[in-house]
Amino acid sequence: MPGMSKSRIWRGVRMRDTEAGADPDAPTRTLTLPAAWDDRAAAALAALAPGEGHASLPRAAEAWIRPVAARARAAGGEELADRLHALLLLRRAAPTAPVWNGAAGDAPGYVLNLPAFHCVATGFEVEAFAEAVAAAGTALRLIDPAAQHFAIAVTDLDGLLAALGLDYASAAARDVAACIAALLRATADVAMAGGQPDLLALPGWPEPVRCDAAPGLLAAVRRARRVALRGASAVPCTAILPPGPADALLGAETGGIAPAFSAVGEDGRLTRAAGARLAVLGMTPAAALAAHLSGNPVLLPAGLEAHQAMHDAVAPYLHAMPPRPVTHPASRVMPPHRRELPARRRGYTQKASVGGHRLYLRTGEYADGTLGEIHVSLPREGAALRRMMDALTAAVSLGLQHGVPLADYVAAFTLTQFRPAGAVEGDPDVAQATSILDYVFRNLAAHYLGGCDVPEAPAAETAGPWLPLDLPTVPRVRRAALRVVSG
């Protein structure tokens, strides 16, 4: 990108240079980004910006925005360049890694940071959000007109709810989330249709019935839905995504629709959401600490049931959702002693390859056929990975022998993402895997749990080089760490 000019939107913005890598093991790069943005944003920029040398956020953005804006002008459409730059500068929206890297064949996506659309004086800025969704949809359609799947997603819902003074577990919070999801769906469907709407693509999703905590939101949903009903796009385009570099670049504290399970961040300080909730309560951090020490905590994290209820509230409006959070039976009693495996045991050995990397999965069973141990051999991988896999399978085996249900491990390890990943060969029960761990527990679920309703691994999610274990052939992309895992 040498010599490429940056948009006038960035003029006057105070910038800083820093050194950061896409992950702790990656070489560092010199990065230029706004001075107020933290080191997590710098690491995200290192993951998103193509190449290995110096990367400037304005110029990296200009590299993909310029051709999109040119296509919009050629089609007689609106001027997109300044709008897309402004959304990024305000930390309201950013594209996912395939857009930054120009990765043909990968599903392009856009992430919208919900707290950035909140104004202290007016609350949730409904029109600004809808305009951002429309701009994202238009940009994605121009980036890859032939794509069969897109992903316009929202992140850090809990941060917005805190700014609105809402308890994540409340019905009012779920009403707001449902209306935001419905507005996202209606606006994105119309934007993705462009000038040739699919008149047969009637949105098969319900209309929200209430939203008292965000004035004007329900009315905007109803208007947008009426337009969408008159002809929208049939291309799936709205989703809740796992947290990634785009989320970190925007400063999201929680992923997707997940609650904040802690009021304290990685730096040992209160999160922005916790600070917002204390402000609504009229309490200082010192007063909150005193209340906590006296046995009357005021920043109680939302539990699994609240997360499940939020998932159910949002799911009817979006094209793609992560798996519903799993309920673990509270009445389960762990046996006090280890159940020893017989000296001679049955089981099987499965030879397979994931993304071209060979592995052997071996199982050991009790006399009743239940699983008691596993071992994974990686003959062609490095010593460090082999030892880590040995330790992990030993820990899983020990847990199985102490009564931890296999279903719990399946829920924990399926859809984990890192390389190697991709097509699975040699195992007719598993076609795709997002990692070696994902493959192993899909195989175990198929053999010991009858499939266990494990969500299918999308081919698009297996293509990215998550936490590379070898030298990649495309720019490295890491799954940026947020404070909670996306829900």
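These notes cover a sheet, its packed helix and some ring contacts in a predicted model.

1. Start with the sheet. It is open and has three strands, in the order β1-β2-β3, with mixed pairing. Strands β1 (15-20) and β3 (55-56) are the edges, and each pairs on one side only.

2. Next, look at how β2 meets β3. Strand β2 covers residues 29-34 and runs parallel to β3, joined by two bridges. Leu 31 has Ala 55 in β3 as its bridge partner. Helix α1 (residues 39-48) packs on this sheet and touches β1, β2 and β3. The direction of α1 makes about 120 degrees with that of β2.

3. Now the aromatic rings. The count is eight aromatic pairs. One of them is Trp 64 with Trp 100, with ring centres 6.0 Å apart. Their planes stand at 65 degrees, over the cut-off of 60, so the pair is edge-to-face.

4. That pair links distant parts of the chain: Trp 64 lies in helix α2 (residues 57-74) and Trp 100 in helix α4 (residues 97-101), 36 residues apart. Trp 64 is buried because its relative accessibility is 6%. Trp 100 is buried too, at 4%.

5. Phe 124 and Phe 129 make another pair. Their ring centres are 5.5 Å apart and their planes are at 50 degrees, so this pair is tilted. Phe 124 and Phe 129 are both buried.

6. Finally, check two charges over rings. The charged end of Arg 91 sits over the ring of Trp 37, 4.2 Å from its centre. Arg 339 places its charged end over the ring of Tyr 366, 3.8 Å from the centre.

Note on methods
Residues are numbered from 1 along each chain as its sequence is written. This is a predicted model: local features need pLDDT of at least 70, side-chain atom pairs count only at pLDDT 80 or more; totals for chains, interfaces and linings use all residues. Side-chain values use heavy atoms; hydrogens and water are left out. Two strands pair if DSSP finds at least two bridges between them. Helices (H or I, at least four residues) and strands (E, at least two) are DSSP runs, numbered from the N terminus. Contact means heavy atoms within 4.5 Å. Axes are lines fitted to C-alpha atoms, for helices over the stretch in contact, and angles run from 0 to 180 degrees between N-to-C directions. Rings of Phe, Tyr and Trp (its six-membered ring) pair if their centres lie within 6.5 Å; planes under 30 degrees apart count as stacked, over 60 as edge-to-face and the rest as tilted. Buried means under 20% relative accessible area, exposed over 50%, partly exposed in between (1.4 Å probe, protein chains only). A charge sits over a ring if NZ of Lys or CZ of Arg is within 6 Å of the ring centre and within 35 degrees of the ring normal.
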